[in-house]
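This report covers helices, their packing, aromatic pairs and a few individual residues. The sequence and structure come before the discussion.

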Amino acid sequence: MSHASDDAATLDALNRRVHAGLDGWLLSFLEATTALDMAAATEHFRHFERSLRLHAGLEDEVVIPAYAALGDHPRGAGPELFSADHTSLRKVLGQCDAELQALGGSPTRREMVLALPTLLRLRSVLEHHDVREERFLYIRLDEELEAADVRPLRAALIRCLDDL
């Protein structure tokens, strides 16, 4: 897919688009789960999981190191915050996967309702992570990095968009 218009987009704008796409897949998963359509729920979850792991992995490889190199981070918003968020997201993702497996192919409505807190925790953790990235990470990268240093970060985010 061509992303010529994305060449001028800010990192923050690209990241917001990635997160909006991830949220769309997560909502589709939750909708299918609550409709007890477990085949669709599994399909949506697997797509969400793959896209989230790609996005977090690329951030771990190129975005967080670029942010770390800036130094002088706001208190409580150092690179370790974002790495810890990714660890939390992966943990909750695993819990959701286990819950989805436990629900099986034809859960009762009660079984689904009992699984909801775990499934909704993923959305909550992701929302909190999104806010921190928007408030501290991407805005600072946009403001302080030279154009040449932005290119690999932009390419990573575009790759995530292509995966959605």
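Which residue with positive phi follows helix 1? Helix 1 is followed by L36, whose phi is positive, near 60°.

## Basis of the model

The model is predicted: local features need pLDDT of at least 70, side-chain atom pairs count only at pLDDT 80 or more, and totals for chains, interfaces and linings use all residues. Residues are numbered from 1 along each chain as its sequence is written, and side-chain values use heavy atoms, with hydrogens and water left out.

Helices (H or I, at least four residues) are DSSP runs, numbered from the N terminus. Helix 1 has 24 residues. From its first C-alpha to its last, helix 1 reaches 34 Å, close to the 34 Å expected at 1.5 Å a residue. The expected span is 1.5 Å times one less than the number of residues.

Helix 5 (residues 147-163) has 17 residues, which should span 24 Å at 1.5 Å a residue; the end C-alpha atoms of helix 5 are 24 Å apart, in agreement. Buried means under 20% relative accessible area, exposed over 50%, and partly exposed in between (1.4 Å probe, protein chains only). The buried residues in helix 5 are V150, L153, R154, A156, L157, I158, C160, L161 and D163. What covers these buried residues includes helix 1, helix 2 and helix 4 (109-144).

## Helix packing

Two packed helices are described by the angle between their axes and the distance between the axes. Axes are lines fitted to C-alpha atoms, for helices over the stretch in contact, and angles run from 0 to 180 degrees between N-to-C directions. Helix 2 and helix 5 pack at about 180°, with their axes 10 Å apart. That angle makes helix 2 roughly antiparallel to helix 5 (angles under 35 degrees count as roughly parallel, over 145 as roughly antiparallel, 65 to 115 as roughly perpendicular and the rest as oblique). On the helix 2 side, the contact is made by H47, R50, S51, L54, H55, L58, V62, V63 and A66; helix 5 contributes P152, L153, A156, L157, R159, C160 and D163. Contact means heavy atoms within 4.5 Å. By class, the contact of helix 2 with helix 5 has 10 nonpolar, three polar and three charged residues. Ala, Val, Leu, Ile, Met, Phe, Trp, Tyr, Cys and Pro count as nonpolar, Asp, Glu, Lys and Arg as charged, and the others, Gly among them, as polar.

Helix 1 and helix 4 pack at an angle of about 175°, and their axes are 10 Å apart. Helix 1 is therefore roughly antiparallel to helix 4. The contact of helix 1 with helix 4 has 13 nonpolar, five polar and nine charged residues.

## Aromatic pairs

A search of the whole structure finds two aromatic pairs. Rings of Phe, Tyr and Trp (its six-membered ring) pair if their centres lie within 6.5 Å; planes under 30 degrees apart count as stacked, over 60 as edge-to-face and the rest as tilted. The rings of F29 and F45 have centres 5.0 Å apart and planes at 50°, so this pair is tilted. F29 lies in helix 1 (residues 11-34) and F45 in helix 2 (residues 38-70), so the pair ties together parts that are 16 residues apart in sequence. Both F29 and F45 are buried.

For Y67 and F82, the ring centres are 5.5 Å apart and the planes are at 90°, so the pair is edge-to-face. Y67 lies in helix 2 and F82 in helix 3 (residues 79-103), so this pair ties together parts that are 15 residues apart in sequence. Y67 and F82 are both buried.

## Individual residues

H86 is in helix 3 and is buried, with a relative accessible area of 1%. Leaving aside neighbours within four places in sequence, H86 is in contact with A56, E59, D60, I64, H129 and E133. D12 is in helix 1 and counts as buried at 10% relative accessibility. Not counting residues up to four places away in sequence, D12 touches E134, Y138 and D142.

R17 lies in helix 1 and is partly exposed, with a relative accessible area of 40%. R17 and I158 are 141 residues apart in sequence and 9.7 Å apart in space, C-alpha to C-alpha. R46, found in helix 2, counts as partly exposed at 29% relative accessibility. R46 touches D97 and Q101, not counting residues up to four places away in sequence. The C-alpha atoms of R46 and R132 are separated by 25 Å, and these residues are 86 residues apart along the chain.

Key
Helices (H or I, at least four residues) and strands (E, at least two) are DSSP runs, numbered from the N terminus.
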